[in-house]
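Here are some notes to keep beside you as you look at this structure for the first time. Take them in any order you like.

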Amino acid sequence: MDITKGLNPAKIDGTDPRKRRYLLPKEIKRVFGEVENSDSLLSDRPCQISFSQNGEIIMKNSKGGENAAILLDFGAELAGSLRLIVHSVRSEGKRADLRIRLGESVSEAITPIGEKNTTNDHANRDYLMNVGFYSANETPESGFRFAYIELLGENVTLTLKSVFAVFRYRDLPYLGSFRCSDELLNRIYDTAVRTVHLCMQEYLWDGIKRDRLVWIGDMHTEVKTILSVFGNCDIIRRSLDLIRNDTPSDQWMNNISSYSLWWIIIHAELYRTYGDLTYLSEQRDYLTALVSRSLSFVGEDGAEELPESRFLDWQNKGHEEATHAGLQGLLKYALTESAYLLEALGEAESAESARLGAERMKRHIPSPAGSKQAAAMLSISGIADPKEINGSVLSQGGAKGYSTFFGYYILTAKALAGDLCGALDDIKDYWGGMLSMGATSFWEDFDLDWVENSTRIDEFPEEGKRDIHGDFGAFCYKNFRHSLCHGWASGPCPYLVEQVLGIRALAPDTYEVKPCLAYLDFAEGEYPTALGTIKVSAKKEGERTVTEISAPEGIKIVK
């Protein structure tokens with residue numbers, strides 16, 4: 001029997017690739033007003049209403065009294081919704097209104113909509129719910145760790161059987177791994193992976209509270225993390241194709257000129273790792289048109305002339321000199337990768353045009369104007385000397401001037417200059433700084449200066465101290481609009497795999513493996529390829545590093 005008979009199933013997104021899992025709260029952070037048996041919410045019970053009453057949670061609003069409310073902590077950032085099992089309601093209308101407020105921090109969860117830039121943008125995280133007896137009620141989806149449940153009205157009593165978080169995630173095996181002698185780096189690697197896994201929803205999103213979109217310019221680091229951990233996951237192609245189909249070739253993806261360049265770079269990353277020529281061939285017409293259009297913005301002197309909207313990173317917004325320098329590197333990088341892809345497609349003439357355009361861009365070497373993001377792109381693209389760039393810009397001030405979006409590229413540029421110890425220090429200072437403030441996923445943005453005299457995200461605001469979530473941010477991510485789970489912040493994952501384990505794809509069947517421990521005593525890990533998993537172990541023995549490499553049959557290792 002076909003249960004869908006008589007229905008009209010969607011063809012493109014007919015099924016949800018995600019799994020639902022019910023999660024219990026880890027902690028009752030605080031109760032307000034008249035609440036009985038709140039600890040029962042920590043007990044494991046069926047997610048099903050029933051007649052029996054055994055330790056149910058009672059929330060009661062008396063006339064003129066404080067509203068009953070509960071603040072729950074689920075222990076870590078998650079993507080999903082809140083499900084409330086209501087046993088009974090005693091009120092004049094036999095129904096009750098609840099204020100449900102989801103937060104990525106304690107302070108966000110207890111802050112009303114509109115204050116400190118709290119919003120329902122992209123996801124209704126501040127929600128009014130009307131409930132009745134014997135009911136199961138679910139909120140819209142968002143990204144959150146904390147949930148505030150407030151009973152509204154006077155002379156109302158609500159009996160709750162249970163409250164669950166409904167965790168939405170792709171149930172995927174972890175094929176890649178990284179471990180080393182530094183436990184902080186291990187925590188940072190794990191958190192980076194977790195951040196991207198959370199963003200792997202129906203499509204590859206930028207964030208799970210806000211920016212629940214395919215922002216193609218933000219996806220490259222996420223894709224590198226996915227390839228390092230999950231391998232050839234369909235969400236990459238699904239997201240690449242979505243944005244391509246949504247954007248005519250004479251327009252820019254996400255309405256940002258540089259973002260279409262990232263689409264090219266991601267395709268090169270995917271093809272270099274898995275070599276799917278059939279899939280690449282599906283991009284032929286679009287890619288050829290996009291490369292031709294991109295070449296038209298290379299001036300005779302080799303300078304980029306990309307049109308509006310000109311965007312490199314938020315830290316450089318409004319600083320045209322730094323933006324120009326970064327876009328100079330990005331366009332050259334994209335044209336070099338374009339030549340690689342077009343050559344694979346047999347488009348020799350177009351490949352040569354892209355190559356010549358990339359070479360012409362080396363004539364123009366703009367100043368990065370002190371921007372670490374711009375300096376990184378100039379270095380990675382081959383326009384500027386990596387050691388000079390590192391000495392004059394990237395190594396200055398340690399992790400100050402970093403951004404979560406461009407973290408991977410700054411670290412990679414430091415590695416190109418041989419500054420591997422400096423890169424590891426910056427990872428521990430910058431991403432470790434987020435962990436020190438209670439992060440369980442990495443954030444849309446972060447500045448080391450925010451940490452001083454600030455409360456953690458799992459603490460209540462304190463008079464005389466700053467709120468790490470509610471008091472910072474800029475541009476589109478001010479205060480509580482700031483997302484605390486953004487996949488572009490996962491840069492340490494691919495960096496540690498590429499530079500410490502030294503695993504880099506040269507072709508689908510050829511990998512360079514050159515571990516570099518810097519000041520670490522050992523590092524080990526796995527990397528998924530088209531033919532199986534590469535395993536690498538490196539440890540110091542006196543003055544030398546001993547390396548063991550295991551590769552599947554058909555994979556050539558270049559040492």
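1. Some ground rules. This is a predicted model, in which local features need pLDDT of at least 70 and side-chain atom pairs count only at pLDDT 80 or more, while totals for chains, interfaces and linings use all residues. Residues are numbered from 1 along each chain as its sequence is written, and side-chain values use heavy atoms, with hydrogens and water left out.

2. The sheet. Look for an open sheet of 4 strands in the order β11-β16-β17-β18, with antiparallel pairing. β11 (177-180) and β18 (544-550) each have a single partner strand, so one side of each lacks a neighbour in the sheet. From one strand to the next the twist averages 10°, with axes taken as lines fitted to C-alpha atoms and angles running from 0 to 180 degrees between N-to-C directions. Strands here are DSSP runs of E with at least two residues, and helices are runs of H or I with at least four, numbered from the N terminus. Two strands pair if DSSP finds at least two bridges between them.

3. One pairing in detail. β17 (residues 532-541) joins β18 in the antiparallel sense over 7 bridges. If you follow V536 across, its bridge partner in β18 is I549.

4. Salt bridges. The count comes to 45, where a salt bridge is a side-chain nitrogen of Lys or Arg within 4 Å of a carboxyl oxygen of Asp or Glu. R168 and D16 form one of them, at 3.1 Å from N to O. This pair links distant parts of the chain, 152 residues apart: R168 is in strand β10 (residues 156-169) and D16 in the segment before β1 (19-23). R168 is buried at 14% relative accessible area, whereas D16 is partly exposed at 36%; buried means under 20%, exposed over 50% and partly exposed in between, with a 1.4 Å probe and protein chains only. Both residues belong to a salt-bridge network that also includes R18, E141, E202 and R212.

5. Two more pairs to visit. D182 and K428 are both buried. E352 and R355 also meet at 2.8 Å, N to O, but they lie 3 residues apart in helix α9 (residues 348-361), about one turn of the helix.

6. The largest pocket. Its space is about 730 Å³, a volume filled by probe spheres set on grid points joined across faces, edges and corners. A pocket is an open set of points on a 1 Å grid over the protein atoms alone, where a 1.4 Å probe fits, with protein on both sides within 12 Å along at least five of seven lines; lining residues have an atom within 4 Å of a point. Of the 30 lining residues, K224, R272, Y333, Y408 and R504 are the closest to the centre. Helix α12 gives the most to this lining, with 5 residues.

7. The second largest pocket. About 300 Å³ of space lies here, and 14 residues line this pocket, with L23, E77, F167, R194 and L198 the closest to its centre. β5 (69-90), β10 and α2 each give two or more residues to the lining, and β5 has the largest share, 5 residues.
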